[in-house]
Amino acid sequence: MSTPESLQDTMRQSAELLYAHELEALRQHDTGKVPAGWQMSPQSVLTFITGGKAGKVTITPKYIGNRRLVEMAIATLVTDRALLLIGEPGTAKSWLSENLAAAIYGHSNLVVQGTAGTSEEHVRYSWNYAMLLANGPTPEALVQSPIMRAMELGGIARFEEISRCASEVQDALISILSEKTISVPELGKEMNARKGFSIIATANTRDRGVNEMSAALKRRFNIIVLPAPSSLETEIDIVRKRVGEIASAYDLQAAVPADEALLKVVTIFRELRSGMTLDRKDKLKSPAGVISTAEAISLLTNSMALAASFGSGELTDEDLAAGLQGAIVKDDDKDRIVWKEYLDNVMKKRGEQWRGLYQACKEMNE
């Protein structure tokens, strides 16, 4: 059992711990109807996700984007339908999934991580084989999957990157989502889901064609597509918020990036991602790798760590250039050409305000 002191040393706290004071304030001031198995009303869940007030406590926004999409996601979970969040890398699918589970159920750690190695046992159940050999199939030898555990408790299970799993693993969900039961023939019993049980799955649009979800499985989900940030200002707000939170959590001894630095990084990312300058006058080549909002956040926090560890603590053009080089030029030689053309054809022509960053990036790319 974690103590408050040990939690302070945790590298990454779950949403229900990180925002415990906000969740408690929302519960105390909740006047809406609370669905069975939930810890607060849908209206309070929405406030937790999009921000607002609970008495005198300010609720910070966890997802900055289309409010209606969040309302649709919450409404789905009020019913017996599962929720599938689809989007490009960096569109906050996992972040939204975690915070929804934290607000609705109070725990976000019942997670199946989809990979090529995920098996049907991860979805249903497995056995403690030492106990199985010693005593045969018994309830004590049964090892519940996170989904079975959520069914037993009436909670939310999360299935991350579902389309990375083999089709037979995905299809193990069909009967669970349809019947809300898991049969354990070895014990002659069924696990029936309690009210409040649901599954929030995420899928990456870049994974289409890897393990395409069957039509039968898709029909068991309400599907919500999370778009990339719609405007430059929205993306800057997202990056500013998350960089500040991460810098605080890791106690980075560096100044928070100035608005000018945020503007430059987000501008570069949006232009390379869309293949066009913001003024839509020039077409650009896009790198092969992902140029997402999450990458911009990682770039800036890494640049802050660089400035704190090996600089004055103030973010410089050289710190940003190092981060940009690593984020844009992965292991593909074409990325280096794309980045060089962007530097020479776009950044170089943007005048004195961009001159220092251009020179620093040019030196890194030589």
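Strand β4 (residues 111-113) and strand β7 (residues 156-160) pair in the parallel sense over 3 bridges, where strands are DSSP runs of E with at least two residues, and helices are DSSP runs of H or I with at least four residues, both numbered from the N terminus. Two strands are taken to pair if DSSP finds at least two bridges between them. The model is predicted, so local features need pLDDT of at least 70 and side-chain atom pairs count only at pLDDT 80 or more, whereas totals for chains, interfaces and linings use all residues. Residues are numbered from 1 along each chain as its sequence is written, and side-chain values use heavy atoms, with hydrogens and water left out.

Because 5 of the 5 residues of β7 are buried, the strand is largely enclosed by the rest of the structure. In a regular strand the side chains alternate between the two faces of the sheet. In β7, I156, R158 and E160 point one way, while A157 and F159 point the other way, and all are buried.

A150 is buried, with a relative accessible area of 0%. The C-alpha atoms of A150 and R194 are separated by 8.6 Å, although the two residues are 44 places apart along the chain.

An antiparallel arrangement is found in strands β8 (residues 181-184) and β9 (residues 189-192), which are joined by 4 bridges. T181 stands opposite N192 in β9. The two strands form a hairpin with 4 residues between them, and G188 in the turn has a positive phi of about 65 degrees.

Helix α5 (residues 67-78) contains 12 residues, which should span 16 Å at 1.5 Å a residue; the end C-alpha atoms are 17 Å apart, in agreement with this value. The expected span is 1.5 Å times one less than the number of residues. The buried residues of α5 are L69, V70, A73, I74, T76 and L77. Seen down the axis of α5, the buried residues fall within an arc of 155 degrees, so they line one face of the helix; the arc is that of the directions from the helix axis to the C-beta atoms. An α-helix has 3.6 residues a turn, so residues three or four places apart point the same way. The buried residues of α5 pack against α4 (42-50), β3 (82-87), α6 (93-104), β10 and β11 (221-226). At the N-terminal end, α5 is capped by N66, a side-chain oxygen of which lies 2.8 Å from the backbone nitrogen of R68.

Helix α4 is largely enclosed by the rest of the structure, because 7 of its 9 residues are buried. These buried residues are S44, V45, L46, T47, F48, I49 and T50. Their cover includes α3 (20-28), β1 (52-54), β2 (57-59), α5 and α6. After α4 comes G51, whose phi is positive, near 100 degrees.

Helix α15 (residues 317-328) has 12 residues and reaches 16 Å from its first C-alpha to its last, close to the 16 Å expected at 1.5 Å a residue. In α15, D319, L320, A321, G323, L324, Q325, A327 and I328 are buried. The elements covering them include α13 (259-274), α14 (293-310), α16 (333-345) and α17.

Helix α17 (residues 355-365) contains K362, which counts as buried at 19% relative accessibility. The side chains of K362 and D344 are joined by a polar contact of 2.8 Å. A polar contact is a pair of N or O atoms within 3.5 Å; within protein, one must be able to donate a hydrogen and the other to accept it, and residues adjacent in sequence count only if both atoms are side-chain atoms. Not counting residues up to four places away in sequence, K362 touches K340, L343 and D344.

The structure holds 0 disulfides, a disulfide being a pair of cysteine sulfur atoms within 2.5 Å. C165 counts as buried at 0% relative accessibility, and C361 is buried with a relative accessible area of 0%.

How values were computed. Buried < 20%, exposed > 50% of the residue type's maximum accessible area, 1.4 Å probe, protein only. Contact = heavy atoms within 4.5 Å.
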